[in-house]
Amino acid sequence: MALQILSYSPIDENILGPTPNVTETEYILEVTKNDETPRITNVEGVRLKILTTHRGTILYCAGGVTVSRVSPNTTSGNGYYAMPSPGTEEMVHFSTPNGRFRGQAIFLD
């Protein structure tokens, strides 16, 4: 699964979300450490491959981009535990090596 940022603007606030426990953190660090994708500093038109997620809320993408879903549009539970169908658009917060941003994303297959 992947996503693409459609539009975005910089934000100053911190991105808060659920915190992985120790076991989850070790797994996430292992997956992201093994990512050989060059660091993505400009998300314009880039297909962001989702490497792993924390409960479907925080998405760890190739190239060092981390996305936090702000307004889930899925219909399973509160929307966070299920990944959205391709074509679904959602508001997200994300961080890159260049800073933190708020934007609109579309999920891809």
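Glu-30 has a relative accessibility of 40% and therefore counts as partly exposed; this class lies between buried (under 20% relative accessible area) and exposed (over 50%), with a 1.4 Å probe and protein chains only. Lys-33, at 60% relative accessibility, counts as exposed. Glu-30 and Lys-33 form a salt bridge, with 3.5 Å between the closest N and O atoms. A salt bridge requires a side-chain nitrogen of Lys or Arg within 4 Å of a carboxyl oxygen of Asp or Glu. Both residues belong to helix α1, three residues apart, about one turn of the helix.

The model is predicted; local features need pLDDT of at least 70, side-chain atom pairs count only at pLDDT 80 or more, and totals for chains, interfaces and linings use all residues. Residues are numbered from 1 along each chain as its sequence is written, and side-chain values use heavy atoms, without hydrogens and water.

The search of the whole structure finds two salt bridges. The side chains of Arg-69 and Glu-90 meet in one of them, at 2.8 Å from N to O. Arg-69 lies in strand β4 (residues 66-69) and Glu-90 in strand β5 (residues 89-96), so the pair ties together parts 21 residues apart in sequence. Helices (H or I, at least four residues) and strands (E, at least two) are DSSP runs, numbered from the N terminus. Both Arg-69 and Glu-90 are buried.

The protein averages a pLDDT of 86, and 86% of the residues score at least 70. pLDDT is the predictor's confidence in each residue, from 0 to 100. Where pLDDT is low, the predicted coordinates should not be read in detail.
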